[in-house]
Amino acid sequence: MLHGVSPHLTRMLLEAGRRSGVHRSRFTHIPGLTVMDEERVRIPTATLLRVWEAISGAMTEAGGGARAMELWRPGRLGVWDYLFTAADTLDDALHACGRHFAAIADPADTLGVTRDGAGVTVTWHGPYQEHPSFPLIAEFVPAMLLGVAGSAAGRRFVPVRVRLPHRAPPRYDLLAEVYGTRRIEFEAGPPAVTFSDADARAPFPRADPALAAILDEHARITVATARPVLDWLGRFHLALEAAVEAGPPELGDVAHRLAMGPRTLQRRLSDEGTSWRDELERFRRQRVEHLLRETSMTLEAISARSGYSDPRALRRAVHRWYGHGPAALRTSSRAGRT
């Protein structure tokens, strides 16, 4: 799986930060930005998170992460934008853009589309809950969905509700302005926006089924053929993934793959603000969650693919992360898709 994010999204956030008063010098030492003008690359996800960190103070003062979408114009996010434009309806567009979310985001990020009595809800799941900029990222995602969808429909959508995971700030007038509603539920789980059923079913003015099929394939090819731009931590992640494929990973094995000694590897990880234990835990958690939610693989197979010695070790880890076993995680995922 090719990790990293689109340069389109990264460029827009850099501009949002500069317009909010962040000096260019704040971005100088962020790795991975030297190829920002290229189109067919994947920027390290760690680079995007560093950009969010650099702009977080200014964006908070400006009214929240949603304000970054004020810079958006059709095409700024590449082919992903046009998946909306060519779709028959908003419902079709949301499913297409969830299917190809990796065209702008890391493959570990997912957009889930569900329907209930309130309408059609799009929920973003990303592995960044512990990141200090997560509240801003969470505010940005509903604004992005509302902005791109409204442009494709030729009118502004008023959502049934917007859900955000963090506490409500003292004032969120500017956030409500961007969303077009004050029906914002805070401390309400993963970021999500709900569209009315009537909005979801209404035809889009520029629907083009033939073009939609072409764009669908183009989005897939864009991700598959992009060139990853790896910083040192990105190379470490690839070495760790390769080591896991061979069995339970050892620090010495990964160090050998990177042509360095174990102590040097530990020191480099410390310089990056992380550790062998933290990175191994993060890798295993992301892989286990993905395989439980998206596949029907047995626990034995998932254990092997995640670098555990046996299913018992996997069960203990899942209990530690989520407070329940693998079966409950798999069941809840399937229930959310019905």
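Biologist: Which residue of β3 is the bridge partner of Gly-112?
Modeller: Two strands count as paired if DSSP finds at least two bridges between them. In this structure the bridge partner of Gly-112 in β3 is Thr-123. The model is predicted, so local features need pLDDT of at least 70 and side-chain atom pairs count only at pLDDT 80 or more, while totals for chains, interfaces and linings use all residues. Residues are numbered from 1 along each chain as its sequence is written, and side-chain values use heavy atoms, with hydrogens and water left out.

Biologist: In what sense do β2 and β3 pair, and over how many bridges?
Modeller: Strands (E, at least two residues) and helices (H or I, at least four) are DSSP runs, numbered from the N terminus. β2 and β3 pair in the antiparallel sense, over seven bridges. A hairpin of two residues connects β2 to β3.

Biologist: In what order do the five strands of the open sheet lie?
Modeller: The order is β2-β3-β6-β4-β5, with mixed pairing. Its edge strands, which pair on one side only, are β2 (110-116) and β5 (184-185). Within the sheet, strand β4 (residues 161-163) and strand β6 (residues 192-195) are antiparallel and share three bridges. Arg-161 has Thr-194 of β6 as its bridge partner.

Biologist: Which strands does helix α4 touch?
Modeller: Contact means heavy atoms within 4.5 Å. Helix α4 (residues 90-99) packs on the sheet and touches β2, β3 (119-125) and β6. The direction of α4 makes about 150° with that of β2. Such angles run from 0 to 180 degrees between N-to-C directions, and axes are lines fitted to C-alpha atoms, for helices over the stretch in contact.

Biologist: At what angle do α9 and α12 pack?
Modeller: Helix α9 (residues 232-245) and α12 pack at about 65°, with axes 11 Å apart, and are therefore roughly perpendicular. Their crossing is right-handed. Among the residues that meet are Phe-236 and Leu-240 in α9, and Trp-276 and Phe-283 in α12. The contact of α9 with α12 holds six nonpolar, one polar and four charged residues.

Biologist: Which residues make the contact of α12 with α14?
Modeller: Helix α12 (residues 276-294) and helix α14 (residues 311-322) pack at about 95° with axes 11 Å apart. The contributors from α12 are Glu-281, Arg-284, Arg-285, Val-288 and Glu-289; those from α14 are Leu-314, Val-318, Arg-320, Trp-321 and Tyr-322. Five are nonpolar, none polar and five charged.

Biologist: How many helices and strands does the protein chain have?
Modeller: The chain has 15 helices and seven strands. Its radius of gyration is 20 Å, close to the 20 Å that the globule rule gives for 338 residues, so the chain is as compact as a globular protein of that length. The radius is taken over C-alpha atoms, and the rule is 2.2 Å times the number of residues to the power 0.38.

How values were computed: Ala, Val, Leu, Ile, Met, Phe, Trp, Tyr, Cys and Pro count as nonpolar, Asp, Glu, Lys and Arg as charged, and the others, Gly among them, as polar. Angles under 35 degrees count as roughly parallel, over 145 as roughly antiparallel, 65 to 115 as roughly perpendicular and the rest as oblique. A crossing is left-handed if the near helix is turned anticlockwise from the far one by less than a right angle, and right-handed if clockwise.
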